[in-house]
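Open the model in your viewer and keep the selection panel handy.

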Amino acid sequence: MPPLTPSGMLGTMYVLEGSRLGARFLLKEVAEAADLRMTEATSYLSHGAGKRLWQSFLSKLQGEEACDEVEVIAAARVAFAAFERAAERA
């Protein structure tokens, strides 16, 4: 990952906080799974549970006045690509 600018940090946060938001829905599916390997994933999926991380991110995003939208989007794409590469290696 390249060093992040303030706008780049927002793009990366979008990916990370969005994944936590999606994890809540995945956790419901995992809890009902019969496969023990899936149920052991709950600690990862529960990270940030009970905290308002997505809402905090949205507040941060709305409070940024000098945000470079192009940098935000580019950083989000870099973060998504990093996760994609990690998944391909797993």
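## A walk through the model

Start with contacts: among those in the protein with a separation of 6 or more, 77% join residues 24 or more positions apart. Bear in mind as you look that this is a predicted model.

Now switch to a cartoon view. Turn the model along its principal axes, and the C-alpha atoms fill a box of roughly 50 × 30 × 15 Å. The radius of gyration is 15 Å, whereas a compact globule of 90 residues would have one near 12 Å.

Next, show the surface. Of the 90 residues, 19% count as buried.

Colour by charge next. There are 10 positive and 12 negative side chains, and the centres of these two sets are 5 Å apart. How many salt bridges does a search of the whole structure find? There are two, and both deserve a stop.

For the first stop, select Arg20 and Glu17, whose side chains meet in a salt bridge at 2.7 Å, N to O. Both residues belong to helix α1 (residues 6–31), where they are three residues apart, about one turn of the helix. Glu17 is buried at 11% relative accessible area, while Arg20 is partly exposed at 25%.

For the other stop, select Lys60 and Glu64, which form a salt bridge at 3.0 Å, N to O. Here Lys60 is partly exposed, with 40% relative accessibility, and Glu64 is partly exposed too, at 28%.

Terms used:
Residues are numbered from 1 along each chain as its sequence is written. This is a predicted model: local features need pLDDT of at least 70, side-chain atom pairs count only at pLDDT 80 or more; totals for chains, interfaces and linings use all residues. Side-chain values use heavy atoms; hydrogens and water are left out. The radius of gyration is taken over C-alpha atoms; the globule rule is 2.2 Å times the number of residues to the power 0.38. Buried means under 20% relative accessible area, exposed over 50%, partly exposed in between (1.4 Å probe, protein chains only). Contact means heavy atoms within 4.5 Å. Lys and Arg count as positive and Asp and Glu as negative; His and the chain ends are not counted. The place of a charge is taken as NZ of Lys, CZ of Arg, CG of Asp or CD of Glu. A salt bridge is a side-chain nitrogen of Lys or Arg within 4 Å of a carboxyl oxygen of Asp or Glu. Helices (H or I, at least four residues) and strands (E, at least two) are DSSP runs, numbered from the N terminus.
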